[in-house]
Amino acid sequence: MAADGLDEIDYGILYLLQQNARATTPVDMAEQLPVTDTTIRNRIERLEKDGVIEGYVPIIDYEKAGFPIRLQFSCTAATEDRHEVAERALELPRIVKVDEMLSARENIQALAVANDTEEVNEVTARLDDLPLTIERERLLRKTRSLPFDYFAGDAIGEK
């Protein structure tokens with residue numbers, strides 16, 4: 001096992017879940033990993049219990065869902081308040097993601113979705129009410145992501 005308590009099978013499971021958790025069953029994973037689907041179910045349960053897997057969320061194309069404006073806010077909060085401010089920002093309407101950065105400036109990144117400029121102004125005003133400074137606002141065109149390939153591991157022969 002790795003120093004963090006995860007082994008190659010765990011990494012293989014994480015990689016396969018990142019590819020498509022909704023459509024990949026433990027039986028499908030067992031075809032690619034050298035363990036049974038029961039072992040995979042047990043491993044997934046443990047990874048969830050241990051907080052390695054925090055949840056499962058769909059990847060949404062907000063534009064196709066009727067929210068053509070995606071706005072990325074870079075904000076600065078006092079470093080000692082950063083965690084609390086990030087949590088409060090995530091509770092705001094139309095904020096769909098908040099990243100907490102380990103930096104003195106621009107340490108809160110918030111993603112908002114909106115239909116029009118009036119909704120953008122509302123989100124901006126609500127963020128501005130928090131104990132932070134909005135440093136910049138940027139329109140987001142497209143987000144791309146892929147599974148972290150380290151998780152592929154030797155277990156499925158892709159490392």
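# Salt bridges, burial and backbone angles

Guide: By the distance rule, the count comes to 13 salt bridges. The model is predicted.

Visitor: What makes R82 and E100 a salt bridge?

Guide: The closest N and O atoms of R82 and E100 are 3.7 Å apart. The rule asks for a side-chain nitrogen of Lys or Arg within 4 Å of a carboxyl oxygen of Asp or Glu, so the pair qualifies.

Visitor: Which parts does the pair of R82 and E100 tie together?

Guide: R82 lies in helix α4, residues 82-90. E100 lies in strand β2, residues 95-100.

Visitor: Is R82 buried or exposed, and how do you know that?

Guide: Its relative accessibility is 13%. Buried means under 20%, so R82 counts as buried. E100 comes out at 38%. That value falls between 20% and 50%, so E100 is partly exposed.

Visitor: Why are E84 and R88 called a salt bridge?

Guide: Their closest N and O atoms are 3.9 Å apart. The limit is 4 Å, so this pair counts. E84 and R88 are four residues apart in helix α4, which means about one helical turn separates them. E84 has 47% relative accessibility and is partly exposed. R88, at 35%, is partly exposed too.

Visitor: How do you know that E135 and R105 meet in a salt bridge?

Guide: The N to O distance between their side chains is 2.9 Å.

Visitor: Why is R105 called exposed?

Guide: R105 has 54% relative accessibility. Exposed means over 50%, so the label holds. E135 has a relative accessible area of 28% and is partly exposed.

Visitor: What makes D7, D10, R43 and R46 one network?

Guide: Salt bridges that share partners join these four residues.

Visitor: What makes the contact of E119 with R94 polar?

Guide: The two side chains come to 2.8 Å. A polar contact needs N or O atoms within 3.5 Å, so this one qualifies. E119 belongs to helix α5, residues 117-128. Its relative accessibility is 14%, under the 20% limit, so E119 counts as buried.

Visitor: What stands out about phi of R94?

Guide: Phi of R94 is near 75°, a positive value in a residue other than glycine. Most residues other than glycine have a negative phi. R94 is in the loop between α4 and β2. At 26% relative accessibility, R94 is partly exposed.

Visitor: What is phi of E106, and where is E106 found?

Guide: Phi of E106 is near 50°, also positive in a residue other than glycine. E106 is in the loop between β2 and β3. At 22% it counts as partly exposed.

Visitor: Why is I53 called buried?

Guide: I53 has a relative accessible area of 11%. The cut-off is 20%, so I53 is buried. I53 lies in the loop between α3 and β1. I53 and V123 are 30 Å apart in space, C-alpha to C-alpha, and 70 residues apart in sequence.

Visitor: Which residues gather in a patch of positive charge?

Guide: K64, R141, K142 and R144 do, on the surface. Lys and Arg count as positive. R141 comes in the segment after β4. Its relative accessible area is 72%, over 50%, so R141 is exposed.

Key:
Residues numbered from 1 in each chain as written. Predicted model: local features only at pLDDT ≥ 70, side-chain atom pairs only at ≥ 80, totals over all residues. Heavy atoms only, no water. Patch = residues over 30% accessible without salt bridge, like charges linked within 9 Å, V, L, I, M, F, W, Y side chains within 5 Å. Areas by Shrake-Rupley, 256 points an atom, 1.4 Å probe, with all protein chains shown as cover. Charge placed at Lys NZ, Arg CZ, Asp CG, Glu CD. Helix = DSSP H or I, 4+ residues; strand = E, 2+ residues; numbered from the N terminus. Buried < 20%, exposed > 50% of the residue type's maximum accessible area, 1.4 Å probe, protein only. Polar contact = N/O pair within 3.5 Å; in protein donor to acceptor, adjacent residues only side chain to side chain.
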